Amino acid sequence: MLTCAGRRNYLVRFFQEALRGRGQVFAADACADAPALRQADKSLILPPLNQTAYIDTLLSLCQRHSVLLLIPLNDLELPLLARHSARFREVGTIPVISSPEVVDMCSDKWRTSEFLKASDLEAPNTYLSLGDAREALARGDITFPLVVKPRWGTASIGIEYSDDDEELKLDYTLAKKRLPRTLLREINGTDPERCILVQERLCGQEFGLDVVNDLEGHYVCTFVKRKLAMRAGETDRAITVKSDLLEGIGGVIGRKLGHIGVLDCDVIVTKDSCYVLDMNPRFGGGYPFSHIAGANLPAVLIAWANREQPDAHWLRVEPNIMASKCDGLVVVDNGLR
């Protein structure tokens with residue numbers, strides 16, 4: 001079952017192809033018009049994430065339909081599912097979800113930065129307050145342009161770019177004022193005085209990593225693609241590459257973090273170094289570019305869940321495969337009542 005399936009029809013299809021008729025793929029979402037529900041073998045409607053019935057409803061559906069694998073796809077549901085992971089295992093469902101500690105660290109961009117530095121990996125200079133950022137500017141530690149972003153963020157919501165001190169002050173003030181109006185209001189409400197970060201904006205080539213661990217959190221491999229275009233905060237066009245440097249960074253993260261399944265990771269390579277920007281312990285929008293180049297993580301996860309050895313070819317990506325996403329239409333309501 002894929003939860004918060006939304007527009008990810010491709011992931012539903014990838015799992016269907018991996019099963020080869022040996023099972024069904026369910027898609028669940030709080031919106032009955034979510035396009036991915038039409039691709040699934042069976043569609044299920046869940047309460048909104050912020051309702052207390054969400055977990056109990058999802059648990060009941062997993063038990064009723066004998067769901068083997070639960071694949072969460074939304075950043076905001078990860079902390080909730082991580083805390084209740086054991087309850088799903090009790091009914092025979094394996095949630096592909098990392099520990100609460102890993103999920104919480106990845107969702108907190110400040111703690112992510114601290115983790116990366118402690119792992120001897122480069123991360124952009126990041127500041128918890130406008131005052132700290134201005135002091136760093138005065139010392140010459142950073143220069144404009146800068147990035148203003150929610151400390152707990154997703155899908156590029158609330159990100160602004162400041163080219164001078166006047167913009168920095170305006171962007172910071174507006175970000176703090178507008179954040180309570182977004183879907184990020186609850187998670188950022190855990191520390192309202194330090195919920196906006198200021199970060200140096202790096203110039204270079206951006207890459208996406210799929211860092212793969214097994215269901216026990218042991219590192220397996222890393223897929224790398226060079227991003228060629230973005231849309232709505234998600235990779236829209238990319239080319240797979242072979243990079244010992246970036247695969248090595250993925251290996252450090254996978255071993256140090258011990259996440260479960262796939263970790264979506266953004267990296268930027270500048271003329272001087274290589275910086276890790278973001279880590280999301282779930283399937284990311286860049287995974288399809290690995291899949292089309294030969295990877296098959298849905299088949300790998302199904303094999304692991306069945307205590308089988310996955311085909312080694314499913315964990316390999318052919319380099320220099322360029323691909324682009326395209327729009328499609330799905331009838332979500334035929335007008336019949």
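Guide: A definition comes first: two strands pair if DSSP finds at least two bridges between them. Please note also that this is a predicted model.

Visitor: Which residue in β9 is the bridge partner of Tyr127?
Guide: Val198 is the bridge partner of Tyr127. Strand β6, residues 126-127, pairs with β9 in the antiparallel sense over two bridges.

Visitor: And how many bridges join β7 and β9?
Guide: Five bridges join them, again in the antiparallel sense, with β7 spanning residues 146-150. Within β9, Leu197 stands opposite Lys149.

Visitor: Are the residues of β9 buried or exposed?
Guide: Five of the five residues in β9 (residues 196-200) are buried. Ile196, Val198 and Glu200 point one way from the strand, while Leu197 and Gln199 point the other way.

Visitor: Turning to helices, at what angle do α8 and α9 pack?
Guide: The angle is about 165 degrees, and the axes are 11 Å apart. Angles over 145 degrees count as roughly antiparallel, and α8 and α9 are therefore roughly antiparallel to each other. Their crossing is right-handed.

Visitor: Which residues meet there?
Guide: From α8, Leu130, Arg134 and Leu137 meet Asp165, Leu168, Lys169 and Tyr172 of α9. By class, this contact has four nonpolar, three charged and no polar residues.

Visitor: One last topic: where is Ala305?
Guide: Ala305 is in helix α13, residues 297-305. Ala305 has a relative accessible area of 11% and is buried.

Visitor: What is Ala305 in contact with, leaving aside neighbours within four places in sequence?
Guide: Ala305 is then in contact with Leu68, Leu69, Ile94 and Leu215.

Notes:
Residues are numbered from 1 along each chain as its sequence is written. This is a predicted model: local features need pLDDT of at least 70, side-chain atom pairs count only at pLDDT 80 or more; totals for chains, interfaces and linings use all residues. Side-chain values use heavy atoms; hydrogens and water are left out. Axes are lines fitted to C-alpha atoms, for helices over the stretch in contact, and angles run from 0 to 180 degrees between N-to-C directions. Helices (H or I, at least four residues) and strands (E, at least two) are DSSP runs, numbered from the N terminus. Angles under 35 degrees count as roughly parallel, over 145 as roughly antiparallel, 65 to 115 as roughly perpendicular and the rest as oblique. A crossing is left-handed if the near helix is turned anticlockwise from the far one by less than a right angle, and right-handed if clockwise. Contact means heavy atoms within 4.5 Å. Ala, Val, Leu, Ile, Met, Phe, Trp, Tyr, Cys and Pro count as nonpolar, Asp, Glu, Lys and Arg as charged, and the others, Gly among them, as polar. Buried means under 20% relative accessible area, exposed over 50%, partly exposed in between (1.4 Å probe, protein chains only).
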